[in-house]
Amino acid sequence: MNNLSVDHLTGIEQLSAEDIEIIFQTADQFKKVINRPIKKVPSLRDITIANLFFENSTRTKLSFELAEKRLSADVVNFSASNSSVSKGETLIDTVNNILSMKVDMVVMRHPYPGAAQFLSERIGARVINAGDGKHEHPTQALLDTYSIRERLGTVAGKKVVIVGDISHSRVALSNIYALQRLGAEVMVCGPTTLIPKHIELLGVKVSHNLREALEWCDVANMLRIQLERQDMQHIPSLREYAMRYGLDKSLMDSLEKEIVVMHPGPINRGVEITSDVADSQNAIILDQVENGVAIRMAIIYLLAVKIERQ
Ligand code: CP
């Protein structure tokens with residue numbers, strides 16, 4: 001039975017390898033749909049979904065909204081910046097008011113780690129985590145690993161380095177869990193100040209040398225420096241960071257093999273990656289964005305099917 005083991009998607013930590021395979025197989029079908037002239041299916045005509053974004057987003061918000069509309073769900077959007085949250089309303093009060101309007105599923109981005117889990121334990125609707133502070137960004141990790149599978153045929157046995165600000169990144173933790181579930185080897189690379197102490201306990205390798213990391217890997221996932229989540233300065237300057245950890249064409253050309261380059265976006269061109277690498281044949285950055293819609297359609301569909309079976 002193609003049934004997820006979870007009722008909510010709060011993190012990759014809660015998913016099994018089998019869950020991820022079910023999501024990928026469902027996304028394969030939806031990817032065919034969104035490449036047809038008529039990109040819509042009537043699957044979720046009876047479902048209403050609220051997108052609650054308490055933090056800024058471009059890709060994730062648009063991708064969820066497109067995924068929902070292509071499944072024919074009814075969609076309502078909420079942004080904290082122009083809501084009653086600024087008048088002191090709590091998260092639970094805000095969500096319960098929205099649920100009173102008969103919403104079946106909530107997609108939420110929130111600055112506090114654990115916010116999606118907190119909500120899932122207190123409301124009747126399905127909850128999908130669209131990023132909770134520095135904790136997890138599960139749909140990003142699913143679309144990232146799906147894109148590796150698409151480019152390289154499989155994730156199992158591949159060597160993936162995640163480069164940059166690991167300490168402040170929800171993308172890094174979700175990717176580590178997803179890659180390991182699927183049998184990849186994972187390394188993190190960056191300055192000591194941006195790599196959490198004892199991260200080896202998660203079963204990842206650590207390097208502070210970008211060239212060494214790139215020579216080891218099949219795939220490099222270049223992360224952005226999360227200045228908005230840093231409470232102090234962890235690097236001398238962006239220029240010095242770019243000199244030691246930025247990926248440019250001369251470094252790519254000096255490697256003895258081809259590697260796949262990924263980035264979750266938004267890109268700081270000239271800091272973690274130069275334009276000639278970001279726009280090269282090695283980069284699958286726009287494939288990641290395209291796959292995000294199919295992956296999110298799959299997750300929404302699989303969780304909605306569980307509502308209908310209740
Ligand atoms: N990758 C990602 O989460 O981008 P947004 O912040 O634009 O949603």
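In which helix is the place of Lys-306? Lys-306 sits in helix H11, which covers residues 285–309. The model described here is predicted.

**Lys-306**

Lys-306 counts as buried because its relative accessibility is 13%, under the 20% cut-off. A polar atom of the Lys-306 side chain lies 2.7 Å from the backbone oxygen of Leu-4. Setting aside residues up to four places away in sequence, Lys-306 touches Asn-3, Leu-4, Ser-5, Val-6, Asp-7 and Arg-126.

Arg-211 belongs to helix H7, residues 210–216. With a relative accessibility of 35%, Arg-211 counts as partly exposed. Apart from neighbours within four places in sequence, Arg-211 is in contact with Leu-251, Ser-254 and Leu-255. With Ser-254 there is also a polar contact between the two side chains, at 2.8 Å. The C-alpha atoms of Arg-211 and Leu-247 are 9.3 Å apart in space, while the two residues are separated by 36 residues in sequence.

**Cysteines**

The whole structure contains zero disulfides. Cys-189 is in no disulfide, and the nearest cysteine sulfur, that of Cys-217, is 9.5 Å away. Seen from Cys-217, the closest cysteine sulfur is in Cys-189, and the 9.5 Å between them is too far for a bond, since a disulfide needs the sulfur atoms within 2.5 Å. Cys-189 counts as buried, with 0% relative accessibility. Cys-217 also counts as buried, at 0%.

The accessibility values given for single residues are listed below.

| Residue | Relative accessibility | Class |
|---|---|---|
| Cys-189 | 0% | buried |
| Cys-217 | 0% | buried |
| Arg-211 | 35% | partly exposed |

**Helix H5**

Helix H5 runs over residues 138–152 and has 15 residues. At 1.5 Å a residue, H5 should span 21 Å, and its end C-alpha atoms are 21 Å apart, so the two values agree. H5 is mostly covered, with eleven of its 15 residues buried. The buried residues are Pro-138, Thr-139, Gln-140, Ala-141, Leu-142, Leu-143, Asp-144, Thr-145, Tyr-146, Ser-147 and Ile-148. After H5 comes Gly-153, which has a positive phi, near 90°.

Conventions
Residues are numbered from 1 along each chain as its sequence is written. This is a predicted model: local features need pLDDT of at least 70, side-chain atom pairs count only at pLDDT 80 or more; totals for chains, interfaces and linings use all residues. Side-chain values use heavy atoms; hydrogens and water are left out. Buried means under 20% relative accessible area, exposed over 50%, partly exposed in between (1.4 Å probe, protein chains only). Helices (H or I, at least four residues) and strands (E, at least two) are DSSP runs, numbered from the N terminus. The expected span of a helix is 1.5 Å times one less than its number of residues. A polar contact is a pair of N or O atoms within 3.5 Å; within protein, one must be able to donate a hydrogen and the other to accept it, and residues adjacent in sequence count only if both atoms are side-chain atoms. Contact means heavy atoms within 4.5 Å.
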